[in-house]
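Dear colleague,

I am handing over the structure below, and I would be glad if you kept it open while reading the notes that follow.

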Amino acid sequence: MKQQPLKILVVEDEPDQRSLITKMLAANGYQISSAASVEEAIVMIKSDLPDLVFSDWKLGQLSGMDLLIYVRHEHPDMGFIIATAYGTITHAVDAMQAGADDYLAKPYQRQSLLLAIDKVAKSLVLKKQNRRLTSELSQQQELVGLVGKAPCMQKVYTRVQRVSATDATVLIGGESGTGKELAARALYQLSQRKHKPFIAINCGAIPESLAEAELFGAEKGAFTGATALKIGKLEAADGGTVFLDEIGELPLLQQTNLLRFLQEGVISRLGQNGEIKLDVRVIAATHRDLQHEVKEGRFREDLYYRLNVVPIHMPPLRDRQEDIGRLVEHFLKLNSSQYKMDLPKLSAATMKQLLDYPWPGNVRELANRIERFVLLGDEEEMVEELSGQPRPINASQFSLPETGIEWEAFEKDCLEQAMNKHQGNRTKAAKFLGLSYKAFLYRLEKYHLV
């Protein structure tokens with residue numbers, strides 16, 4: 001695309017000088033307009049916005065400095081070069097402090113003016129590029145919904161950005177409520193596939209008897225009740241991205257079928273003899289420890305390695321306490337806008353409670369509480385369960401004994417103590433240990449504590 005010539009407004013009250021400058025700049029390929037006074041220049045700026053203003057300092061009642069102040073107030077990104085016959089240090093300092101991009105002292109040479117124009121022109125190009133990139137980054141951040149500046153989140157951003165442009169299979173791990181689907185959508189929205197389908201599948205919500213048809217499709221008559229051709233989720237995502245949430249819940253038989261698809265890129269609908277070639281990027285997520293599931297025989301080892309090409313770990317909110325204030329502000333604005341309500345304010349005491357709470361439900365729990373506060377405006381109700389909750393001990397607060405520990409015995413003992421502490425209430429015990437209810441129940445079953 002051919003670049004448009006730079007539009008320059010020359011402001012000079014001496015006609016001969018104005019004519020000389022405009023002709024010289026026009027001869028060098030610039031698009032030139034001119035004005036004899038500050039008032040005329042302002043009218044021209046309003047009617048046809050220039051990229052750059054080249055103004056004399058002395059212009060009658062109003063000066064080039066007055067014009068500079070107007071431009072910086074109304075059009076802060078517009079280029080501005082000022083010239084003065086006096087050439088004093090005071091004028092130069094005043095001009096630069098007021099926001100001039102450059103200044104020239106009269107009498108100046110033709111080459112000096114062209115160099116100054118060229119320097120400011122290049123600066124304007126860089127500013128436009130920076131604004132565009134900043135805008136794109138802002139849109140991407142709003143689009144993907146990931147919020148946070150903690151070091152552990154910076155690692156997530158870096159990894160997402162590095163692999164988003166590829167078709168690599170990604171496995172996202174982390175506790176419930178940490179934002180695993182947001183990370184998956186970030187990978188999708190920053191990829192070349194963002195204009196193609198994104199299909200999210202909760203593997204734990206599909207009945208085992210329907211899992212094959214749901215994922216891979218089924219021919220008419222393939223099973224009782226199959227009165228028409230059914231297109232599976234993977235086929236529907238052709239050209240795009242499929243997000244397999246809670247992949248650890250997928251039945252073993254469908255794990256085998258999924259492995260074949262990942263290896264060969266083909267599927268067969270239930271009841272179909274042939275194969276269908278698909279182009280689908282796969283992103284999976286789980287709150288389970290899949291390596292442990294492999295050892296227990298509940299997850300295929302070969303499928304685990306196929307999925308775990310690029311692992312991304314979503315940190316729990318208790319490990320990124322510095323982001324809580326930023327997340328609170330984000331959810332306040334988001335919900336206020338969504339429900340068309342005034343932006344509420346939180347007291348310092350309430351904010352302290354939010355910062356001190358361990359957030360076993362992670363970002364999802366925080367988001368729900370803020371949404372409730374925006375709707376009801378009741379700070380007390382929002383924090384009624386948060387009082388007196390100490391922050392949990394993390395790995396940096398204790399040291400392992402030199403002799404080591406028996407991990408399974410240690411974990412079992414933690415579960416038993418949590419259950420005893422909360423009189424057998426599983427929900428409270430799970431929150432106390434910072435586990436989702438599902439993860440806590442799994443561990444109870446593992447140690448035969450149910």
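Before the surface is described, one term is needed: a nonpolar patch is made of residues with over 30% relative accessible area and no salt bridge, whose nonpolar side chains are joined within 5 Å. Please keep in mind that this is a predicted model.

In that sense, Leu400, Ile405, Trp407 and Phe410 make a nonpolar surface patch of about 440 Å². One of these residues, Leu400, is found in the loop between helix H16 (379-383) and helix H17 (407-421), and Leu400 counts as exposed because its relative accessible area is 59%, where exposed means over 50%.

Asp56 is a contrasting case, since it is buried, with a relative accessible area of 6%. Asp56 lies in strand S3, which covers residues 52-56, and, if residues up to four places away in sequence are not counted, Asp56 touches Val11, Glu12, Asp13, Gly64, Ile82, Ala83, Thr84 and Lys106. In an unreviewed entry, UniProt lists Asp56 for "modified residue: 4-aspartylphosphate".

Leaving aside neighbours within four places in sequence, Leu307 is in contact with residues including Thr169, Ile247, Leu262, Val282 and Phe299.

Notes. Residues are numbered from 1 along each chain as its sequence is written. This is a predicted model: local features need pLDDT of at least 70, side-chain atom pairs count only at pLDDT 80 or more; totals for chains, interfaces and linings use all residues. Side-chain values use heavy atoms; hydrogens and water are left out. UniProt positions are given in the numbering used here, feature names are shortened, and annotations may be inferred rather than shown by experiment. Helices (H or I, at least four residues) and strands (E, at least two) are DSSP runs, numbered from the N terminus. Buried means under 20% relative accessible area, exposed over 50%, partly exposed in between (1.4 Å probe, protein chains only). Contact means heavy atoms within 4.5 Å. Patches are made of residues with over 30% relative accessible area and no salt bridge: like charges are joined within 9 Å, nonpolar side chains (Val, Leu, Ile, Met, Phe, Trp, Tyr) within 5 Å. Accessible areas come from the Shrake-Rupley method with a 1.4 Å probe; for residues, only the protein chains shown count as cover. A salt bridge is a side-chain nitrogen of Lys or Arg within 4 Å of a carboxyl oxygen of Asp or Glu.
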